[in-house]
Every structure is written in structure tokens, then in C-alpha cells.
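Please look over the structure shown below before reading on.

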Amino acid sequence: MDRNWAPSRVRRNFRIDTFSAICGGVYIAVLVTFMPIVVRRLGGSTTDVAIVIAAPFVGHLLSPISTYLLMGFPQVRVVAGTVTLARATFLAGVLVAATPLMLAVTTVVTFVISVANISAYTALMHGIYPDRERAQAMANVRIGGAIAGIAAAAVAGTFIDVIPASWVFAAAALGPRMLS
């Protein structure tokens, strides 16, 4: 048996994967839900809002390029590195952006970096979960991320009009990671 597939190792990998999904769910849900609203409230044009809405799709369209460019790097480092770089880019962008267009461009860049790890993540999941358990484990991880995202959007919605939006976005990007 592959040592990565020992029951204790699979449980540990599942906990790490679930925690990462919860952190990602919180972050992405708040970003996707509220960035178009914030851009519009700051005086952004319909084009600025459209750029924000298109950001996830642009990231996915460009992901094959990043797959090619990151092919030789260790999978764990690619996944961790892109997540960290995307959040750092997002934090810097929301804290210093002076115009709605800057927020929109920050959102696109964040998604391009975030989605750059798709192939490495998929290959990593192939290595940490046994074939017979992979689908169920990955589904449960996704469910955890979705529930966290729904809850985070609801909580963020109560604060988005009370405190500066940049603080809400920063909390979504950093909050769950501070617990690790």
C-alpha cells in the first residue's frame, strides 16, 4: 500500500484539504458576491462591473497557460504558492485601489493567479486520496467550502454597509487563515 494512502494519512490530508476549502469558500464567496457591488458604489461603470464579473472566466481561460508554465514545479508548492500570491495580490489591491477600475483589474489578476493551480491541485488530489475514496472525499471537501461560503456571504453582507468594504474583503482573505 502507498504510504500516502494509509488511513491516518488520508484523514490528515482530508482535514487539511477541508480547512483549505473552507478558507477558500469564505474568500471567494465574499469576493464574488460583493466586489461588483462595491465597484458600482464607488462610481464604477458598467464596464468596470463587467470586468469583475468576467474575472473568474478569464482565470479559467488562461489556466492552460499556467499549467504549461508550472508543469515542472512540485505540486504542493504550486498550490500553496498560487493561493498565497493570489491573496496577497488581492489584499494589496483592495487596500490601495483608488478607483473602481483598479479594483476590477485587481479582481481579474487575483482570479488568474488563483486558478493557475488547477492542474497541480487535481494531480495532488490523485496522489493523496485512494481511487475508491477520492470522489467522496473531494465532494465532501467541496460541500464544506460551499457551506462556509454561504455563511461568509451572509455575515459579510451584514458588515459591508457598516465598515469599509476593504476591511470586509481583508477579513475574508485573511480571517480563516489566521486560525491555522
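What share of the 180 residues in the protein chain do buried residues make up? Buried residues make up 40% of them, where buried means under 20% relative accessible area, exposed over 50%, and partly exposed in between, with a 1.4 Å probe and protein chains only.

## Basis of the model

This is a predicted model, in which local features need pLDDT of at least 70 and side-chain atom pairs count only at pLDDT 80 or more, while totals for chains, interfaces and linings use all residues. Residues are numbered from 1 along each chain as its sequence is written, and side-chain values use heavy atoms, with hydrogens and water left out.

## The chain as a whole

The protein chain has seven helices and zero strands, and its pattern along the sequence reads α-α-α-α-α-α-α. Helices (H or I, at least four residues) and strands (E, at least two) are DSSP runs, numbered from the N terminus. The radius of gyration of the protein chain is 17 Å, close to the 16 Å that the globule rule gives for 180 residues, so the chain is as compact as a globular protein of that length; this radius is taken over C-alpha atoms, and the rule is 2.2 Å times the number of residues to the power 0.38.

Along its principal axes, the C-alpha trace spans about 60 × 35 × 25 Å. Of the contacts with a separation of 6 or more, 80% are between residues 24 or more positions apart, a contact being heavy atoms within 4.5 Å.

## The largest pocket

The largest pocket has a volume of about 1500 Å³, and its lining consists of 45 residues, of which S20, A21, V83, N117 and Y121 lie nearest its centre. The elements that each give two or more residues to this lining are α1 (7-41), α2 (46-69), α3 (75-96), α4 (100-115), α5 (118-128), α6 (131-159) and α7 (165-178). Helix α1 gives the most, with 11 residues. By class, the lining has 26 nonpolar, 14 polar and five charged residues, where Ala, Val, Leu, Ile, Met, Phe, Trp, Tyr, Cys and Pro count as nonpolar, Asp, Glu, Lys and Arg as charged, and the others, Gly among them, as polar.

On a 1 Å grid over the protein atoms alone, a pocket is an open set of points where a 1.4 Å probe fits, with protein on both sides within 12 Å along at least five of seven lines, and lining residues have an atom within 4 Å of a point. Grid points are joined across faces, edges and corners, and a volume is the space filled by probe spheres set on the points.

## The second largest pocket

The second largest pocket has a volume of about 170 Å³, and of the 13 residues that line it, V155, A156, V168, A171 and A172 are the closest to its centre. Helices α1, α6 and α7 each give two or more residues to this lining, the largest share, six residues, coming from α7. The lining divides into 12 nonpolar residues, one polar and no charged.

## Three buried residues

A21, in helix α1, is buried, with a relative accessible area of 19%. Leaving aside neighbours within four places in sequence, A21 is in contact with V141 and G145, and its C-alpha atom is separated by 8.3 Å from that of A146, 125 residues apart along the chain.

T82, in helix α3, counts as buried at 9% relative accessibility, and its contacts beyond four places in sequence are L70, R77, I113, A116 and N117. S114, in helix α4, is buried at 17% and touches Y27 and A86, not counting residues up to four places away in sequence.
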